[in-house]
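Please open the model in a viewer and keep the selection panel at hand.

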Amino acid sequence: MRRPDSIVGLTLHLARQRFGAPALRRAALLAGGLGLGAVTMTALPHGAPPAAPAGVRVHPRAHAWSLGQCASGRVACLSDAMCGVGDRCIDPLRLGARLRSVAPREDAVTVYPHLAVDGDGYGVVWVAVGEEASDIWFARLDGEGKRRGAAVQLTRGGSLRLRPRLARGAAGWAVGWLDVSEDGVASHVLRLAPDGRPQGAPVRVGGGDIAVLSDVVARGAQYAAGYFSATAARQISVHLVRFGQDGAVGAPVTVAGNQLVLGHLGLAAAGESFAVGWNHFIPRDERAETFVAGVGADGTPAAPIRLDAHAGRNGGVSLDGAADGALGAVWEDQFEESDDAIRNALAFSGVNAAGRALPRTAVTDRRAVNLEPNLVAAGAHHGLVYTRLDDDAPTVQFARLGADGATVGAPTQLNGRTSLAALGALAWNGRTYAAAWTQLDTDGITLRFARLDANGRRLGADVPIGPR
């Protein structure tokens with residue numbers, strides 16, 4: 001079974017240039033084999049970098065990789081190692097050369113921001129990939145995206161940390177992330193005081209051979225983390241774990257067992273419950289099924305509701321929840337491989353307040369690869385950011401959806417026309433949207449922040465989220 005690559009692979013490839021331990025490579029490969037972000041997260045040695053075009057200055061710290069497709073296999077790739085023996089990762093648009101000419105402003109490459117609302121401002125977490133480690137950072141922003149105080153380094157060396165998630169609770173914050181080390185692939189959560197100071201030590205989530213955290217959300221004084229786990233003896237299981245402001249982590253709730261999860265899970269607080277969403281793949285029938293399941297206040301999981309089923313392979317899911325218990329879901333839908341490209345779409349469904357599944361609605365066309373959806377509830381509408389990789393370059397797009405999932409107006413590209421961007425995040429404070437993303441341009445690799453009004457119109461210019 002060949003599975004599509006996600007832009008998450010960019011993060012891993014940047015990181016693997018700095019992590020050489022064979023055991024670490026094996027751990028990253030294992031994570032990919034279980035479908036994190038529907039990405040082939042290979043961390044194997046790669047071939048020599050293609051030559052840069054004449055006149056392009058290649059920084060000595062630049063990363064050797066290609067962003068293109070396999071010459072024979074015709075799937076998206078970042079290096080020759082992702083194409084198999086005898087195949088090559090070709091870069092017809094020379095995107096890799098463009099990126100290799102970009103030198104980071106700082107000693108670390110900053111990627112993968114995630115936002116949460118904090119009163120009249122926001123909190124943001126990100127990954128800083130340095131020479132010896134990949135660590136999680138936190139900062140507070142005002143309503144316009146300007147720093148409030150100093151950034152806080154939450155982890156220090158020792159492993160490769162990826163895909164941080166942030167939630168704001170009644171008395172502080174919770175951060176969750178993936179942790180890839182010589183011991184394998186694990187997930188951790190850490191509570192923070194309102195000013196970002198860590199409260200205690202990180203707590204490991206789940207057990208078994210691998211635990212892949214997908215999201216963290218808050219409801220009042222309680223947090224929840226959604227993850228999937230696997231052991232050598234069983235298929236993948238979908239779980240939710242709850243923890244409070246005191247740091248006590250409850251027993252995991254098994255939402256579904258014997259699943260083959262492709263892509264990350266979705267998680268949301270919906271009314272008095274939490275909801276988990278995922279895509280299950282049935283290899284025998286080459287069939288994808290999309291589910292959501294609620295977990296009550298007492299920790300009892302409800303029977304899963306199937307939102308969609310069709311031939312093919314789906315990817316990651318993003319959920320949002322409304323106060324009345326209604327739920328929205330957007331997922332990476334039906335990856336298709338043709339002779340010259342991989343394509344997919346984003347699709348919407350959900351559950352209404354009465355607990356019935358909503359009709360499936362197409363959110364995007366199928367002329368590109370659409371990845372990493374981040375959905376938020378905004379009154380009667382939904383806001384959505386996602387990465388779109390078409391024939392020109394990866395971009396971060398914003399769209400508004402109606403209650404039925406139909407797009408309202410045209411999507412807005414958040415990054416500038418001369419830049420590349422990916423890994424977007426979105427928040428809604430009741431009046432405006434805030435978005436953050438990773439951007440690559442002549443200024444280097446930076447994190448950017450922008451605001452949009454309730455109708456999706458930009459409010460001022462975007463601003464950098466500085467790592468220091």
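**Salt bridges, stop by stop**

Select Asp-285 and Arg-284: the two form a salt bridge, with their closest N and O atoms 3.5 Å apart. A salt bridge here is a side-chain nitrogen of Lys or Arg within 4 Å of a carboxyl oxygen of Asp or Glu. Asp-285 is partly exposed at 42% relative accessibility, while Arg-284 is exposed at 70%. These classes follow relative accessible area, with buried under 20%, exposed over 50% and partly exposed in between (1.4 Å probe, protein chains only).

This is a predicted model, in which local features need pLDDT of at least 70, side-chain atom pairs count only at pLDDT 80 or more, and totals for chains, interfaces and linings use all residues. Residues are numbered from 1 along each chain as its sequence is written, and side-chain values use heavy atoms, leaving out hydrogens and water.

Next, select Arg-306 and Glu-289, a salt bridge whose closest N and O atoms are 3.0 Å apart. Arg-306 belongs to strand S19 (residues 305–311) and Glu-289 to strand S18 (residues 287–295), so the pair ties together parts 17 residues apart in sequence. Strands (E, at least two residues) are DSSP runs numbered from the N terminus. Arg-306 is partly exposed at 47%, whereas Glu-289 is buried at 10%.

Then select Asp-308, Asp-333, Arg-360 and Arg-366, which salt bridges with shared partners join into one network.

Finally, select Glu-372 and Arg-163, which form a salt bridge with closest N and O atoms 3.7 Å apart. Glu-372 lies in strand S24 (residues 369–378) and Arg-163 in strand S8 (residues 160–169), 209 residues apart. Both residues are buried.

Key: Helix = DSSP H or I, 4+ residues; strand = E, 2+ residues; numbered from the N terminus.
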